[in-house]
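This report concerns a protein complex and the way its chains meet. The sequence and structure are shown first.

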Amino acid sequence: MSENMKPSIIDVLLIEDSPDDAFFIREMLSRADEARGGFRLTHADRLSAGLAHLAEHSLDVVLLDLGLPDSHGLKTFGKILAQAASVPVIVLSGLDDEALAVEAVGQGAQDYLVKGNVDSNLLARAVHHAIERKRLEKEVEERRRYLESVLACAPDAIVTLDTNHRVLEWNRGAEALFGYSARETIGRDLDPLVTGSDVDERREASGLTRRVLAGRSIPPFETVRYRKDGTPVDVVAAGSPIRVGDELAGVVAVYTDITERKRAREALKRYSERLEEMVEERTKELRDAQEQLVRREKLAVLGQLAGGVGHELRNPLGVISNAVYFLQMTLADADEATREYLELIHAEVHNATRIVSGLLDYARTRPADRQEVPVAALVADVLDRHPPPEGVRVVTEAPAALPPVFVDPAQIGLVQGNLVVNAYQAMPEGGILTISAQTEDRQVALSVADTGCGISSENMKRLFEPLYTTKARGIGLGLAICKNLVEANGGRIRVQSREGEGSTFSITLPTMEAAS
Amino acid sequence: VSDALSILIVDDDRMMAKTLQDILRVNGHRTEVAHSGPEALEKVGQHHLDCVLSDIRMPGISGVELVRAIMAERSDLLLILMTAYSADSLVEEGLEEGALAVLSKPLNISPLLAFFSSVPREHCVAIVDDDPQFCKTLGDILQAQGFQVVQITDPHGVAERVEEHAEIVILDVKFNGISGLDVLREIRELRPDLPVIVVTGHKDDLEITVQRATDIGAFASLLKPIAVEQLLDLLDQACRQELTRLWQRSVGSRHAIHAS
């Protein structure tokens with residue numbers, strides 16, 4: 001703009017077929033406005049000549065007569081506009097065609113002058129105004145385009161409404177977010193377009209629009225809007241009134257798609273929840289491991305203690321045993337009561353020795369000497385060593401072709417012995433002892449079932465703990481030893497029991513195939 | 001009928017030693033008691049003993065070391081160890097060093113007494129050879145070594161006579177017209193566990209003879225003239241084998257553990 005304020009020559013192209021009119025205009029321009037730098041007039045008497053000049057020269061303004069030998073009426077203006085839209089045009093008209101000139105102004109001419117009613121000053125002023133107006137027009141247009149592209153580039157949906165809630169602007173962001181093209185929405189009420197069928201949601205949305213139209217801004221808030229295809233979309237919406245001067249002109253609404261943000265946030269939330277879970281799990285694992293460790297340590301100490309006590313007791317037991325033997329020899333003729341008492345001591349020493357042996361078995365750390373053992377041999381051996389007491393019937397159930405188990409026969413024999421003796425003791429009134437075997441995925445499950453008193457659920461929990469016993473006589477090492485030995489042989493021990501119906505202890509032992 | 005034995009009881013637990021001593025005495029055995037390894041070795045030197053019954057774990061010298069020391073001096077002594085420990089690393093060592101067996105405490109006395117009563121006071125060796133000179137000279141040597149000797153020069157009924165008397169047989173394979181190997185076969189039929197040491201004067205067919213004798217089950221084979229040291233060694237081994245057999249018959253396993 002400042003450039004135009006400088007004194008400079010204004011280049012004028014006059015397209016006029018009348019030599020007289022041309023002469024007058026040249027005269028008028030030459031007299032006018034010399035202080036500003038004056039005008040340089042080029043005259044063309046045909047449109048073709050004018051267009052040719054326009055094509056090659058930069059001009060500040062065109063003075064155009066609409067009626068030319070090679071073009072008439074508005075067409076003439078149209079051709080100039082088509083060739084040089086940026087050059088301001090002043091239409092020259094006669095008194096008889098003023099209406100046509102007004103029409104040309106409606107189509108983009110800057111002004112019109114009626115020939116004969118023009119003086120030098122008026123012409124000069126008209127030229128200056130035309131130039132200035134065209135410049136402003138260009139500026140406004142540029143500004144409009146700039147704003148339009150800003151709107152278009154914005155990633156958010158930006159929508160403007162008039163005071164009647166009708167859409168005025170619908171940018172590309174809005175097209176992308178809602179799936180409606182600008183053409184489909186402009187002029188329509190916004191709220192029904194972007195809200196779902198839910199009445200409350202729609203009421204809320206139009207309530208917000210009314211609030212904005214009442215002049216209040218709606219700060220960004222999270223909500224759900226709907227696309228053209230009816231699918232919901234998570235958005236942050238905000239609304240502000242548009243004021244032109246003091247007057248409220250409408251509403252601008254901005255919607256930001258937060259689907260991704262929300263997804264990320266939810267993922268983060270899920271992850272943090274999972275993290276909590278993981279921490280919890282890990283804590284539990286650690287706690288279990290700690291408890292296990294404490295338990296093992298306790299058991300190890302117990303094992304040492306058991307071993308030590310066992311060995312220490314064996315010597316005095318040995319002496320007592322010898323002494324009783326001696327007395328039984330030398331008092332062979334003593335009275336019955338004496339002999340009975342000696343036998344009693346002898347039997348109790350034997351019991352005590354058995355308990356000590358249990359302690360030592362528990363403490364023993366001999367590694368399993370594993371070999372392939374036929375299951376039938378294990379069963380036959382245990383029944384041989386522990387024949388059933390009176391009233392107990394033994395049933396064995398085993399398929400003919402069982403693979404041999406890969407275990408230490410002495411250790412598993414001890415386990416079987418403990419289980420069978422326990423079973424007998426659980427059936428003081430007699431019953432059935434069932435020893436059965438079956439293959440179980442490269443392992444052999446060997447069960448010892450009794451029809452005895454069963455085990456209460458309270459006792460079940462602590463069954464394999466050392467020093468836990470329900471027997472009046474016994475120190476509660478039998479099953480702890482069984483568990484240790486079975487596990488040392490790569491097996492597992494389980495128990496099922498129903499109080500009053502009986503118990504089944506199963507040991508699962510690996511075959512050679514499973515062990516390798 | 002076996003005689004009473006002379007038994008040394010070794011245990012640092014005095015009551016254990018005393019009770020064992022009383023039991024054995026009541027059963028007619030002669031007993032000595034020691035409460036430590038060195039004391040035991042001293043007694044082994046002083047008394048004519050048949051057997052040592054020793055605890056395995058003692059302060060100072062252990063039962064195993066005691067066995068090792070005695071075996072160096074008196075390999076003919078019967079050595080039995082006792083332990084209060086069921087899983088004792090010394091048990092295997094003791095058996096390897098020459099102990100006949102290891103017993104767990106408390107002792108199961110009756111089988112032990114049964115074993116002692118079955119142990120012969122002297123070992124009886126039958127020399128079966130048609131050469132009276134050979135029989136006599138070898139017989140004198142063995143008697144001097146403490147063996148009871150039966151000399152058999154008559155080829156008839158050898159197996160029956162041997163079965164009746166001998167614990168060990170020394171048999172010549174060239175025996176008065178009969179094949180010694182046939183006699184060996186007969187003996188084994190009557191007494192499959194009786195150790196028979198086969199001797200032969202014919203170096204040429206030694207290999208074949210040894211092979212055949214081994215096939216039939218001879219304990220060992222020797223070439224005449226007999227190297228006395230070697231024979232005594234074999235006799236010693238044969239005696240131990242016999243004692244082990246007796247032990248197994250009376251007591252059972254050489255490592256008797258109490259079943260729980």
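The text below treats confidence, the fold of chain B and the interface with chain A.

The model is predicted. For the complex, the predictor reports an ipTM of 0.74 and a pTM of 0.52. Chain B has a mean pLDDT of 85, with 94% of its residues at 70 or more.

Ten helices and 13 strands form the secondary structure of chain B. Of the 260 residues in chain B, 51% are buried. Among contacts in chain B with a separation of 6 or more, 67% join residues 24 or more positions apart.

Turning to the interface, 22 residues of chain B are in contact with 21 residues of chain A. The two chains, B and A, bury about 1900 Å² between them, and carbon and sulfur atoms account for 64% of that area. Two helices of chain B, α1 (14–26) and α5 (109–118), each supply at least two residues of the side that touches chain A. The largest share of that side comes from α1(B), which provides seven residues. The residues on the side of chain B that touches chain A divide by class as follows.

| Class of residue, chain B side | Count |
|---|---|
| Nonpolar | twelve residues |
| Polar | seven residues |

Which polar interactions does the rule find across the interface of chain B and chain A? Four residue pairs are in polar contact there, both residues of each pair being at pLDDT 80 or more. The count of salt bridges between chain B and chain A is zero.

Conventions:
Residues numbered from 1 in each chain as written. Chains lettered and ligands numbered in written order. Predicted model: local features only at pLDDT ≥ 70, side-chain atom pairs only at ≥ 80, totals over all residues. Heavy atoms only, no water. Contact = heavy atoms within 4.5 Å. Buried area = accessible area lost by both parts, 1.4 Å probe. Salt bridge = Lys/Arg side-chain N within 4 Å of Asp/Glu carboxyl O. Polar contact = N/O pair within 3.5 Å; in protein donor to acceptor, adjacent residues only side chain to side chain. Helix = DSSP H or I, 4+ residues; strand = E, 2+ residues; numbered from the N terminus. Nonpolar A, V, L, I, M, F, W, Y, C, P; charged D, E, K, R; others polar. pLDDT = per-residue confidence, 0-100. Buried < 20%, exposed > 50% of the residue type's maximum accessible area, 1.4 Å probe, protein only.
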